[in-house]
Amino acid sequence: MQKTFNLDESMKLSRPIRSIINYFTGKRISTSSLQFRLTLELVGISILGLGSVAFWAGWQMEQNLVAAHKQTLEYIAMRFPDQIQLYSEMGAIEIGLERTINKVSTPGLMAWVKSPDGMLLAQSPNLHSSSPEIRNVSALTEMPQKPQIVRFGDRDIVLCGSPLVLNGKSLGKLYLSQDITEDLQKLNAGLWRLLLVSILTIFILIVAISTRIRKALKPLEQMSQVAGAISADDLAGNLKAAKLQLHRAPDEILGLAQAFNQMLFRLSAAWEQQRQFVGNVSHELRTPLTIVVGYLQSLLRRGTNLSAYQQQALETATAETERTIRMLQDLLDLARADSGNLHFRLNPIMLNTLIAEVAAMSEKVSNRKINVLTTDEDVVICADQDRLQQVLINLVDNAIKYSAPEQSVDLVLEKTEKDALIHVRDRGIGIPLQHQNRIFERFYRVDESMTRSRDGTGLGLAIAKSLIEGMEGKITLRSKPGEGSIFTITLPVWKPPL
């Protein structure tokens, strides 16, 4: 059967990121996969970049805000004597001082002046000697001359105290206080909004990066699936139809696929050479071995003067030669099946009768009871009776061989609307799961540590699979160690022409 595979479509890790990837991609991602690692690294770089930008932007905005208020206080302190001088020309200095303070005062900015002896000379409206601003300033051990941020409780205040000199005469000290708490709160609220936007952006980046990487790695995933799907049948068949075909893949993946195709062609050539060699050797050896076994059998029949040891040696040689001939015949059958030269004589067969005959023959040879369970309805298929009988005898023989004498062997016939099912069931040692997928491969043997018999060539199940598939059927296995195995043959029911 030809297959065509097309690739046209182009540490401890973070659980939240894996959950997000799994949710949006609908696929479970392994923490050791390239997709997850690339996503995690790129998202980490994005988080570092966004976090650095957001931190720097927040710090810069806070510095600009504080610097603006400090400059405002410095400017007011520098212009304060000139303002007093201007307003004093219209009256007394006390009047000029009061008018200047009223002019510079705002809802968030307070100003007051104390004489050298600590007496309050003037203050902003709604500010008195018992105000928290004045009390807090009085509690300071050292008053900053340049504007500085001072925290009083939950309030952030830009504060400065500078000497007030008018016409070379000291009037005392000017205190300026700017409450920037609300401005900082607004700034912090903006930064929190920036943080939320950054988190949302990171989530979007996770999904976008993961999706893009998954699409970029899709050809590799499909290549892995193709590599796992190519079987010995593909190597023996037309490999040109089974090669990887890439049209829009990146150059790196395209080069990998080309190397993969070249490897497949080399494997196919080696497989073909091996198949031809096995077929040729089997054909060439079968004739001389047949002659050898003929002479051995003739010698056994006529050797009346042989000793017991010679008699046993000849019997052993004859048995091994016959076994070798059977193996060569099996190899020839497989070679014919591989090349499509295995012919079948397909005729309607009554399975009910065939199964009863197979059970009777197996009981006679093995002296074991075979339980036959068939449906009352006649089951007719179109198959090669000799080939199907060969397969059934082989399966029953295996069931007997791999189960204890007291364990039963069953032959079960079932019928569905379209198919006939033949089950060969034993209750023997069973086959481990890791061996079940390869049990139909030629020469494959289960682990030597198991107690299954070593008799046979290892070709029986491979031949059975080839014969059943040649009759448009299939053979499957279900097995559990310690409970036995069930081989199931499925063949289409014969429907007579109308």
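**Entry 1**

Helices (H or I, at least four residues) and strands (E, at least two) are DSSP runs, numbered from the N terminus. Isoleucine 199 is partly exposed, because its relative accessibility is 35%. I note the classes here: buried is under 20% relative accessible area, exposed is over 50%, and partly exposed lies in between, with a 1.4 Å probe and protein chains only.

Isoleucine 199 belongs to a nonpolar surface patch with Trp192, Leu195, Leu196 and Phe203, and together they have about 520 Å² of accessible area. Patches take residues with over 30% relative accessible area and no salt bridge; like charges are joined within 9 Å, and nonpolar side chains (Val, Leu, Ile, Met, Phe, Trp, Tyr) within 5 Å. Accessible areas come from the Shrake-Rupley method with a 1.4 Å probe, and for residues only the protein chains shown count as cover.

**Entry 2: conventions and the whole chain**

I recorded that residues are numbered from 1 along each chain as its sequence is written, and that side-chain values use heavy atoms, with hydrogens and water left out. In this predicted model, local features need pLDDT of at least 70 and side-chain atom pairs count only at pLDDT 80 or more, while totals for chains, interfaces and linings use all residues.

The protein chain has 12 helices and 14 strands. Of its 498 residues, 38% count as buried. I found an accessible surface of about 29,700 Å² for the protein chain, with 55% of it belonging to carbon and sulfur atoms.

**Entry 3: strand 2 and its partners**

I examined strand 2 (residues 109-114), which runs antiparallel to strand 3 (residues 120-123) and is joined to it by 3 bridges. Two strands pair if DSSP finds at least two bridges between them. Valine 113 has alanine 122 as its bridge partner in strand 3, and tryptophan 112 has glutamine 123. The hairpin of these strands has 5 residues between them, and glycine 118 there takes a positive phi near 90°.

Strand 2 is also joined to strand 6 (residues 169-179), again antiparallel, by 6 bridges. Alanine 111 stands opposite leucine 176 in strand 6. Is strand 2 mostly covered or uncovered? I found that 6 of its 6 residues are buried, so far as the cut-off defines burial. Leu109, Ala111 and Val113 lie on one side, and Met110, Trp112 and Lys114 on the other.

**Entry 4: the nonpolar cores**

The largest nonpolar core has 44 residues, and those with the most contacts inside it include Leu351, Leu388 and Ile489. Helix 10 (residues 385-401) gives the largest share of this core, 7 residues. Apart from it lies another core of 23 residues, among them Val104 and Leu166. A nonpolar core is a set of buried Ala, Val, Leu, Ile, Met, Phe, Trp, Tyr and Cys residues joined through side-chain atoms within 4.5 Å.

**Entry 5: salt bridges**

I found 10 salt bridges in the whole structure. A salt bridge is a side-chain nitrogen of Lys or Arg within 4 Å of a carboxyl oxygen of Asp or Glu. Aspartate 410 forms one with arginine 427, with the closest N and O atoms 2.9 Å apart. Aspartate 410 lies in strand 11 and arginine 427 in the loop between strand 12 (419-426) and helix 11 (433-436), 17 residues apart. Aspartate 410 is buried, because its relative accessibility is 3%; arginine 427 is partly exposed at 34%. Salt bridges that share partners join Asp410, Arg425 and Arg427 into one network.
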